[in-house]
Amino acid sequence: MARLLSRARKRGRVSFETVRAPKAQERVSPLRDAVRRVRARLRPRLSLKMALLVYALAAAVLVTGAWAGIAALVRGKPVQALSAPPPAEGQTVAGPLPADTPEPDPIFDFETGPDPVYEPPVEPPDPAAGQFERLDPGETDERVRALQERLMELDYMEKDEPTDFYGFVTKYAVQLFQREFGLQVDGVAGEETLRALYSDQAKPYVVRQGDRGTDVLEMQKRLRELGYLKARAGGTFGEETTAAVKAFQKRNALSDDGVIGSRTREALYSEGARPAPTPKPTPTPTPKPTAKPKPTPTLKPGTTPGPTPKTTPTPKDTPKKATPTPAKTVKPKGNDADALISFAKELVGRSYVRGAKGPTSFDCSGFVYYALKNSGVSLSYMTSGGWLNSSYETISSMSDLRKGDIVCFDGHVGIYMGDGRMIDASSSQGKVRITGDIRENSYWTRHFICAKRVY
């Protein structure tokens with residue numbers, strides 16, 4: 001027994017107090033004493049075996065993992081670390097994200113969205129990602145693309161390939177939205193403006209009574225051209241303008257609500273816009289002249305009066321009806337396409353203004369109209385929708401485009417120069433520019449509708 005206690009004490013199995021315990025506490029049965037002795041002898045051996053078994057298992061796991069990693073590298077597949085399963089849709093991850101977790105991309109969704117090479121989708125900004133932070137005119141920021149897209153979607157900005165530059169055209173479109181939404185009209189995309197723009201309450205662009213601006217001025221000029229507005233075009237949408245708009249809408253089979261929306265605006269600038277009827281002049285009755293009594297001639301004595309000679313009336317000239325002379329349409333010649341391109345290139349760099357038709361500023365339709373008019377083609381001003389419905393020959397494929405064709409996109413028009421290039425008045429760049437190859441540009445190929453052959 002003493003030998004066993006000595007061995008146990010050396011191995012640290014029994015404390016000194018236990019060895020020195022009173023004899024009363026050491027009284028145990030012989031069977032229990034035998035069990036203790038057997039356990040004391042077997043315990044070191046079992047502990048060593050268990051440790052060896054654990055070490056062997058760990059080594060096997062490490063070797064297996066190493067061989068799997070080497071095999072994956074040989075096959076060219078990345079080695080993925082073990083991680084917890086992703087949360088189900090609609091669940092949120094409890095607790096803070098790890099420090100090395102990347103922030104989500106504010107523009108592209110690589111799983112459900114389109115390829116990032118193409119036009120980025122319009123998504124409501126995320127306040128947590130700082131996307132409602134203020135954008136000022138003159139800034140270059142990727143968020144401007146989404147801003148321009150949203151403005152184009154609501155028709156405050158003519159459709160064009162979006163850019164990341166906050167130019168004066170973008171500022172003007174923001175001002176139009178702020179005017180419609182009752183915000184401070186400063187052209188700055190602050191948090192309040194951005195929240196309203198991306199909300200469900202954002203309304204498309206319309207012009208109604210009480211509005212003021214250059215857009216109102218251009219529409220008033222057009223109403224005067226068509227004979228609906230008699231008042232001076234001053235840029236304020238008043239009662240007379242409302243009455244003129246209602247008259248135009250009624251005559252052109254539109255809903256006569258006096259508000260200029262997309263359909264009314266399209267009809268107003270189209271080739272088939274019906275002018276106001278010319279009122280027929282009311283004839284003024286001419287009073288009949290009173291016949292003066294003729295003096296009776298005094299006859300000499302012995303003279304018999306003879307018959308009074310009848311006066312033969314002088315035949316009046318019958319006025320001929322004026323035959324209206326039809327307006328001469330200059331039929332362009334085949335080589336005039338070069339003259340069109342040459343003249344259009346002289347306008348590169350001039351500013352973009354919505355509704356402008358030259359000579360110092362243009363919108364896309366006004367640029368095409370001005371260039372054709374000054375190249376010998378007689379036609380009226382048409383929007384992009386008007387060009388789509390025009391009687392010119394339609395070209396359905398980009399591969400069949402020819403120099404001088406008018407290229408029609410969704411909400412945009414330009415002049416084809418050849419070799420894939422186009423010259424147009426760009427709303428996103430704010431000026432007349434020459435594009436790259438539109439046949440290789442994803443935006444233009446996806447928004448192409450047709451072309452119209454003028455030459």
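A residue is called buried when its relative accessible area is under 20%, exposed when that area is over 50%, and partly exposed in between, using a 1.4 Å probe and the protein chains only. Keep that scale in mind as we walk through this structure. The model is a predicted one, in which local features need pLDDT of at least 70, side-chain atom pairs count only at pLDDT 80 or more, and totals for chains, interfaces and linings use all residues. Residues are numbered from 1 along each chain as its sequence is written, and side-chain values use heavy atoms, with hydrogens and water left out.

Let's start with the whole protein. Its secondary structure consists of 13 helices and eight strands; these are DSSP runs numbered from the N terminus, with at least four residues of H or I for a helix and at least two of E for a strand. Of the 455 residues, 35% are buried. A contact means heavy atoms within 4.5 Å. Among contacts with a separation of 6 or more, 55% are between residues 24 or more positions apart. The protein exposes about 30,400 Å², and carbon and sulfur atoms supply 55% of that area, as worked out by the Shrake-Rupley method with a 1.4 Å probe.

Now for the charged pairs. Side chains of opposite charge can pair when their charged atoms come close. Here a salt bridge is a side-chain nitrogen of Lys or Arg within 4 Å of a carboxyl oxygen of Asp or Glu, and the structure holds 18 of them.

Lys221 is partly exposed, at 38% relative accessibility, whereas Glu218 is buried at 18%.

What does Asp155 form with Arg354? The two form a salt bridge, with their closest N and O atoms 3.4 Å apart. This pair links distant parts of the chain, since its members are 199 residues apart. Asp155 lies in the loop between helix H4 (143–153) and helix H5 (168–181), while Arg354 lies in the loop between strand S1 (351–352) and strand S2 (361–362). Asp155 is partly exposed at 22% relative accessibility, and Arg354 is buried at 18%.

Finally, find Asp424 and Arg433, a salt bridge with closest N and O atoms 2.5 Å apart. Asp424 is buried at 0% relative accessibility, and Arg433 is buried too, at 8%. Elsewhere, salt bridges that share partners join Asp155, Arg265 and Arg354 into one network.
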